[in-house]
Amino acid sequence: MTHAAGDGHRSHSNVYKDKSKPQDVRTSNMTAAKGLADAIRTSLGPKGMDKMIQKGNGEVTITNDGATILQQMNVMHPAAKLLVELSQAQDVEAGDGTTTVVILAGAIMEAAEKLMNRGIHPTTISDAFSIAVEKAIPILREMSIPLQQNDNESLIRSASTSLNSKVVSQHSSILAPLAVNAVLRITDPKKDKNVDLKDIKIIKKLGGTVEDTELIEGLVFTQKLANINGPKRLEKVKIGLIQFCISPPKTDMDHNVVISDYAAMDRILKEERAYILNIAKQIKKAGCTMLLIQKSILRDALSDLAIHFFDKLKIMVVKDIEREDIDFVCKTLGCRPIASLDHFTSEALVSAELAEEVSAGSSRIVKVTGIHNPAKTVTILVRGSNNLVLEEADRSIHDALCVIRCLIRERALLPGGGAPEIELSLRLGQHAQVLGSVEAYCLREYAKALEIVPYTLAENAGLNPVATVTELRNKHVHGQTSAGINVRKGQVTDILEENVLQPMLVTASAITLATETVRSILKIDDILNVAH
């Protein structure tokens, strides 16, 4: 009996010892998440720093895009991985604010840690944070500026604000109108409530500068023409897109053809020549003057002999079109891919005004413009002097397009420069005074956490963060809701006069997603490793 009693006593003492484990797990999760947020904090805002990321193969990327930085970082801790996923979720939802969302999550996490150290239960903190978000979204709507349907100027200003914090910010006056024009070409702002960015094809070509980036209504192929002596420029073209190969048929993998004499060899070459000539004649007979050929895996899509025949027949040929590009090509041209020679008829062809091969830097590209019955698709040809600039320009244009998509989905703008966050912080602080329970503490800490955005903007711009945020708060207390940190002038001004605008959806999405992530991390009290 004494043994049993002793065992019972021992098991009780183990239970009490284990009580510290959930606390340790939460502390570990919070430390990892805050560490990750601090790592990218310096890249927020127009004066934010850039990060140089070096991969294992020696490839270098220079960027200050939060989603790109986190995606390329080798993150091991499971809670820190949640922040990487959070940044990607913000990228999908809004396309911008990927750094802001992680910084907000880090600050809200720190607020939660302070509250837990005061003995408040994680579930209580989580519920209070949920109330805070419910209160925050209506406040944002209240201070937002409605966007008129034909207000292209505001769209350009919002796209410029997004581009101003990028590496290619000096080209924002060129890229912002280009992004707005691209979105307006594929949508009707009066009817559409969303934008499918797959209808905007971004093609990167090395050479020139970012200023040479252009918007093309039509198709651009990055490869040069397959022809050697064929035409390089044709007007009033008839275009056919094929998925079959124009090369001699091959045997199956396991079979071989053994030729023992020259006569058989000669016969095979003649057959090959007749086979390819027949295909070429049939394509010409249908009236085709430009042929697009899908890339083939099993054999050459186009033989040298076929190129020779097409040169003679004055047919332009673009080969090796990637499988994933076929949908965009079909949509743009308004055609269907032709799977066999039997279906290659004049009805399957589409018309365009001009097809030409032009030089782009050190290489050549093929442009097709003036397509009859065009679909709502456009191509942006991005140029850059080196791969680092090219990649960053591509990411920056994508973010600008996403900002415009946000404004078409929800036609509301907010002033930038930390104005919405400081306004939310003040209003939530006032609401906390009305509450009399523990939730008031939680709400107050949450409100303080939102100040991290203006604080970081000021810090990255080389200003005194405490003095700047205090001045900003003071202006908002006196009703100047559009007062924000002007990083160019280094002072607090009316940010609307500086045309610093951002979509309401970006800020609302950042606050909602950051709070949801913190709440899910708060609920974790153990980490289990599974063998398989």
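Begin by selecting the six-stranded open sheet, in which 6 strands follow the order 6-11-10-7-8-9 with mixed pairing. Strands here are DSSP runs of E of at least two residues, helices are runs of H or I of at least four residues, and both are numbered from the N terminus. Two strands count as paired if DSSP finds at least two bridges between them. Strand 6 (218–221) and strand 9 (316–321) stand at the edges with a single partner strand each, so one side of each has no neighbour in the sheet. From one strand to the next, the twist averages 30 degrees; axes are lines fitted to C-alpha atoms, and angles run from 0 to 180 degrees between N-to-C directions.

The model is predicted: local features need pLDDT of at least 70 and side-chain atom pairs count only at pLDDT 80 or more, whereas totals for chains, interfaces and linings use all residues. Residues are numbered from 1 along each chain as its sequence is written, and side-chain values use heavy atoms, with hydrogens and water left out.

Within this sheet, select residues 350–360 and 363–371, which are strand 10 and strand 11; the two run antiparallel and are joined by 8 bridges. Glu 357 has Val 366 of strand 11 as its bridge partner.

Next, display the protein as a whole. It has 17 helices and 16 strands, and its C-alpha atoms fill a box of roughly 100 × 75 × 40 Å along the principal axes. Buried residues make up 50% of the 532 residues, where buried means under 20% relative accessible area, exposed over 50%, and partly exposed in between (1.4 Å probe, protein chains only).

Now select Leu 104, Ile 125, Phe 129, Leu 140 and Tyr 446, the residues with the most contacts inside the largest nonpolar core, which has 70 residues. Such a core is a set of buried Ala, Val, Leu, Ile, Met, Phe, Trp, Tyr and Cys residues joined through side-chain atoms within 4.5 Å. Helix 5 (residues 98–117) gives the most to this core, with 12 residues. Centre the view on Phe 129: leaving aside neighbours within four places in sequence, Phe 129 is in contact (heavy atoms within 4.5 Å) with Ile 108, Ala 112, Leu 115, Cys 442, Tyr 446, Thr 515, Val 518 and Arg 519. A second, separate core of 31 residues includes Ala 182, Leu 390, Leu 407 and Leu 501.

Proceed to helix 4 (residues 78–93) and pick out Ser 87. This residue counts as buried because its relative accessibility is 0%. Not counting residues up to four places away in sequence, Ser 87 touches Gly 66, Ala 67, Leu 70, Thr 98, Val 101 and Val 102.

Helix 11 (residues 326–333) is the next selection; 6 of its 8 residues are buried, so the helix is largely enclosed by the rest of the structure. Those buried residues are Ile 326, Phe 328, Val 329, Cys 330, Thr 332 and Leu 333. Just after helix 11, Gly 334 takes a positive phi of about 75 degrees.

Finish at the open sheet of 3 strands, ordered 3-13-16 with antiparallel pairing. Strand 3 (145–146) and strand 16 (501–503) stand at the edges, each with a single partner strand, so one side of each is left without a neighbour in the sheet. Strand 3 pairs with strand 13 (residues 412–415) over 2 bridges in the antiparallel sense. Select Ile 145 last, together with its bridge partner in strand 13, Leu 413.
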